[in-house]
Number of protein chains: 2
Amino acid sequence: MTNEGNRGRPRSQQARQAILDAAAALLLERALSEVSMDAVAQRAGVSKATIYRWWPTKEALALDALYAEWNTVRPFPRDTGSLRGDLLSLLRPWARLASSRPYGRVLAALLTTAQSDPVFATEYRQRFVEPRRDQARALFQRATERGEIPAGTKIDVALDLLYGPLYHRLLHGHAPLTDRFVRDVVDMALDGILPGPA
Amino acid sequence: MTNEGNRGRPRSQQARQAILDAAAALLLERALSEVSMDAVAQRAGVSKATIYRWWPTKEALALDALYAEWNTVRPFPRDTGSLRGDLLSLLRPWARLASSRPYGRVLAALLTTAQSDPVFATEYRQRFVEPRRDQARALFQRATERGEIPAGTKIDVALDLLYGPLYHRLLHGHAPLTDRFVRDVVDMALDGILPGPA
């Protein structure tokens, strides 16, 4: 959402950022079905033609706007020396941002569209899901290099085990997505529900 | 969806089941926004007034229809003698049913409504989320009595750790919700991502 550093950028880059910011703001204010390209154009101070130059549909624009917002959270946390520390430093800011505003509603609307539109579903995974999973995979790679986890660890299962519970609370809202919950999930996923053999 | 045992039931009970079946069938065919009470009434062979006797809105009806369908999966699995076995016998049929038809789409639409309507959100949790969580809690209770897990285990975190990844794949569709994935999730959640101290 920040406009810092826009000075000196090419005008098209500024317009692009203004459109993303306007779309993100509108998505947080109202349902996806009530966000129109007209409203985005008006809020961003550009023409609809300018928007359509980059985004064919409002759903594609919504994806990029949401990704741009969420990507302001430090995507590659520093090496804390342990997988536990790395995961906490990846997931805690993510959970804070996700629960700070009505992103659950925005996400649910995008998922609903993805569920009935295979083309959009592919975009959703490519633009939104996979980039973050790639970042988390890098942490597991680091843990493998440290010798913390065996080379054969099923990293895709581990990613679902960590992100799944966070999305679950964000979308279902049966309990709050707190710092404490993130820590509990990381601890339980790393150490297991069953007590160790020791 | 079965009509077995309807003979001999009071007529109102038969009408109620016909409405639930019709709503479930329509929800699987089209988007929630395109399912009308008129269409449900026509499919079920009842009047709209009959539907409104039990359900004030189509969202409430959709919840009950979905819950009735999913509840056909054995809710209290037999005691297999271990938490691992109990969880597999709870979650595997659930995952098979959930991925057998476009339930991801139905769920996403209900979640979208829940996210923008607090009254419906409460209904969603009471009618749909909590009953199944209570069933899973009973398995953890059994495991505590067996001495498999310590009495202080954070069962609500454990439930999110198990259901979260399944819902994550069902809703995001980045990878399939297979029997093997359920087993991987149960194993990793119980044993932990980190190797044991042994």
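Tutor: A pocket is an open set of points on a 1 Å grid where a 1.4 Å probe fits, with protein on both sides within 12 Å along at least five of seven lines. The model discussed here is predicted.

Student: What volume does the second largest pocket have?

Tutor: The lining of this pocket includes B:A31, B:L32, B:S33 and B:E34, and A:T112, A:T113 and A:S116 also belong to it. For the second largest pocket, the computed volume is about 230 Å³.

Student: Which elements give two or more residues to the lining of the second largest pocket?

Tutor: Among the lining residues are B:K58 and B:E59, together with B:A109, B:T112 and B:T113. Chain A supplies A:T112, A:T113 and A:S116. The elements concerned are α6 of chain A, and α4 (58-70) and α6 of chain B.

Student: How do the residues of that lining divide into nonpolar, polar and charged?

Tutor: B:A31, B:L32 and B:A109 are in the lining, and Ala and Leu count as nonpolar. Glu and Lys count as charged, and B:E34, B:K58 and B:E59 are lining residues too. The division is three nonpolar, six polar and three charged.

Student: What is the volume of the largest pocket?

Tutor: Its lining includes A:A31, A:L32, A:S33, A:E34, A:K58 and A:E59, and chain B contributes B:T112 and B:S116. The lining residues divide into three nonpolar, five polar and four charged. The volume of the largest pocket is about 290 Å³.

Student: Which element gives the largest share of the lining of the largest pocket?

Tutor: Two or more residues each come from α4 (58-70) and α6 (103-116) of chain A, and from α6 (103-116) of chain B. A:R105, A:A109, A:T112 and A:T113 are among the lining residues. The largest share, four residues, comes from α6(A).

Student: From which domains of chain A does the lining of the largest pocket draw at least three residues each?

Tutor: Chain A is divided into two parts, covering 11-58 and 73-191. A:L32 and A:R105 are both lining residues of this pocket. The domains are domain 1 (11-58) and domain 2 (73-191).

Student: Which three residues supply 81% of the area that domain 1 of chain A buries against domain 2 of chain A?

Tutor: The centres of the two domains, taken over C-alpha atoms, are 27 Å apart, and the contact takes seven residues from domain 1 and nine residues from domain 2 of chain A. The area buried between them is about 600 Å², with 65% given by carbon and sulfur atoms. More than any other three residues, the contributors on the domain 1 side are A:L27, A:L28 and A:L32.

Student: How far apart are the end C-alpha atoms of residues 36-55 of chain A?

Tutor: UniProt, in an unreviewed entry, lists this span as "DNA-binding region". Chain A has nine helices and zero strands, and the span itself is 75% helix and 0% strand. The end C-alpha atoms of residues 36-55 lie apart by 13 Å.

Notes: Residues are numbered from 1 along each chain as its sequence is written. Chains are lettered from A and ligands numbered from 1 in the order in which they are written. This is a predicted model: local features need pLDDT of at least 70, side-chain atom pairs count only at pLDDT 80 or more; totals for chains, interfaces and linings use all residues. Side-chain values use heavy atoms; hydrogens and water are left out. On a 1 Å grid over the protein atoms alone, a cavity is a set of points where a 1.4 Å probe fits but cannot get out, and a pocket is an open set with protein on both sides within 12 Å along at least five of seven lines; lining residues have an atom within 4 Å of a point. Grid points are joined across faces, edges and corners, and a volume is the space filled by probe spheres set on the points. Domain bounds come from an automatic or database domain assignment. Contact means heavy atoms within 4.5 Å. Buried area is the accessible area (1.4 Å probe) that two parts lose on being put together, summed over both. UniProt positions are given in the numbering used here, feature names are shortened, and annotations may be inferred rather than shown by experiment.
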